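Me: I am new to this kind of picture and would like to learn how to read it slowly, one feature at a time. Could you take me through it?

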Amino acid sequence: MRSRAPYDGPMTASPRRRVLLAAPRGYCAGVDRAVIAVEKALEQYGAPIYVRHEIVHNKYVVQTLEKKGAVFVERTDEVPEGNIVMFSAHGVAPVVHEEAARGRLATIDATCPLVTKVHKEAVRYAGEDYDILLIGHEGHEEVIGTSGEAPDHIQLVDGPEDVAKIEVRDPERVVWLSQTTLSVDETMETVDALKTKFPGLVSPPSDDICYATQNRQTAVKQMGADSDLVIVVGSRNSSNSKRLVEVAKLAGAREAYLVDYADEIDETWLEGVSTVGVTSGASVPEVLVEQVLEWLAERGYADVEIVKTAEESITFSLPKELRRDLREEAANLVAERGGSGASQE
Ligand code: SF4
């Protein structure tokens, strides 16, 4: 029997090595706003700023903010009385706001406005006495927050296999909503199964799966179809990053892996690989993608082509509590400078 030659890297295996870089990728408007909100709060009020749960699901972002003075906690009652607590981009249930008030905490709510939109839909449909079928992943913070808006009206549907067990009070008064970071295709499978069971099912007035999730999946679908291997930069607790791995494989990539950092890439993944697709989840700063591109370039994959499927220009303003205080601070500064408001330097 012939023994297998030891692996000596991709240089001998790939005729043309290239990288397809998906666009859009990385930070969405909701994550950008949440991260800036923590930074501004630290500047404005000083450390510590307590943050309930990871502000966004990314290890690097959380560690960087910790170094600047953010303290991440799991429960509101871990925050000492009189401090500031920030709620993450994933949103919280009303009961969490009540806990903070009881604990005499000042709050800054960095919930993404697109998550807030789903909360409002839940409140409205519950007010109209609909049964609400929330498509999402059990235990995900966003799902817990949305469910908490109308716990008596909401049932979780975690994929098509859950549909058989769903019962509603009136099949003519039932609506579906969803987590913002799901796979678009899988969600539609679940909706189709629900519609077969409840033909009167009402759809939400607009997409709950957010623009950023949809755009990143569209880009990875196109890029994944032409890639042997896809590397998704993102953390394991990031729902939208995990969905990108699944979408890449469904699109035709032979393999797809999720990595937090370039040094998690295994050299053997490159065996026989000519085209590597690269993308990143909505909570991933671009510096981590750049490190992956450098790592690949050092191994012969220096030729980078952008696969662009959409332009993004959405931005969200900072949480209102911060805007108010920043305005007040600016007004005080103007007053101290004699009311001109212009820099004298
Ligand atoms: S992924 Fe979508 S819903 Fe989540 S923070 Fe970003 S824009 Fe908002």
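Me: Which order do the strands of the open sheet of five strands have?

Reply: Before I answer, keep in mind that this is a predicted model. Strands of a sheet pair through backbone hydrogen bonds, either parallel or antiparallel. Here the order is β10-β9-β11-β1-β12, and the pairing is parallel. At the edges stand β10 (255–259) and β12 (304–308), each with a single partner strand, so one side of each is left without a neighbour in the sheet. Neighbouring strands of this sheet are turned against each other by 25° on average, direction ignored.

Me: How many bridges join strand β1 to β12?

Reply: Strand β1, residues 18–23, is joined to β12 by five bridges, and the two run parallel.

Me: Where should I look for the nonpolar residues, and which residues have the most contacts inside the largest nonpolar core?

Reply: In soluble globular proteins, nonpolar side chains tend to be buried together. The largest nonpolar core in this model has 58 residues, and those with the most contacts inside it are A34, V38, I55, M86, I132 and L134. Helix α1 supplies the largest share of this core, six residues. A second, separate core of 29 residues includes L21, V220, I265 and Y301.

Me: Why is T146 counted as buried?

Reply: A residue counts as buried if 20 or more other C-beta atoms lie within 10 Å of its own. T146 is buried because 31 other C-beta atoms lie within 10 Å. Its place is in helix α5, residues 141–147, and T146 touches G91, V118, H119, A122 and L134, leaving aside residues up to four places away in sequence. T146 and K117 are 29 residues apart in sequence, while their C-alpha atoms are 10.0 Å apart in space.

Me: How many residues surround the ligand, and which are the closest?

Reply: The ligand is surrounded by 15 residues, of which the closest are C28, G30, C112, T180 and C210. The elements that give two or more residues to this shell are α1 (29–45), α4 (113–127) and α7 (211–225), and α1 gives the most, with three residues. By kind, the residues of the shell divide into 10 nonpolar, five polar and no charged.

Me: How many helices and strands are there in the protein chain?

Reply: The protein chain has 10 helices and 12 strands. Of its 345 residues, 43% count as buried.

Conventions:
Residues are numbered from 1 along each chain as its sequence is written. This is a predicted model: local features need pLDDT of at least 70, side-chain atom pairs count only at pLDDT 80 or more; totals for chains, interfaces and linings use all residues. A residue is near a molecule or strand if its C-beta atom, placed from the backbone, lies within 6 Å of it. Helices (H or I, at least four residues) and strands (E, at least two) are DSSP runs, numbered from the N terminus. Ala, Val, Leu, Ile, Met, Phe, Trp, Tyr, Cys and Pro count as nonpolar, Asp, Glu, Lys and Arg as charged, and the others, Gly among them, as polar. Two strands pair if DSSP finds at least two bridges between them. Axes are lines fitted to C-alpha atoms, for helices over the stretch in contact, and angles run from 0 to 180 degrees between N-to-C directions. A residue is buried if 20 or more other C-beta atoms lie within 10 Å of its own, exposed if 12 or fewer, and partly exposed in between; C-beta atoms are placed from the backbone. Two residues are in contact if their C-beta atoms, placed from the backbone, lie within 7 Å. A nonpolar core is a set of buried Ala, Val, Leu, Ile, Met, Phe, Trp, Tyr and Cys residues joined through C-beta atoms within 7 Å.
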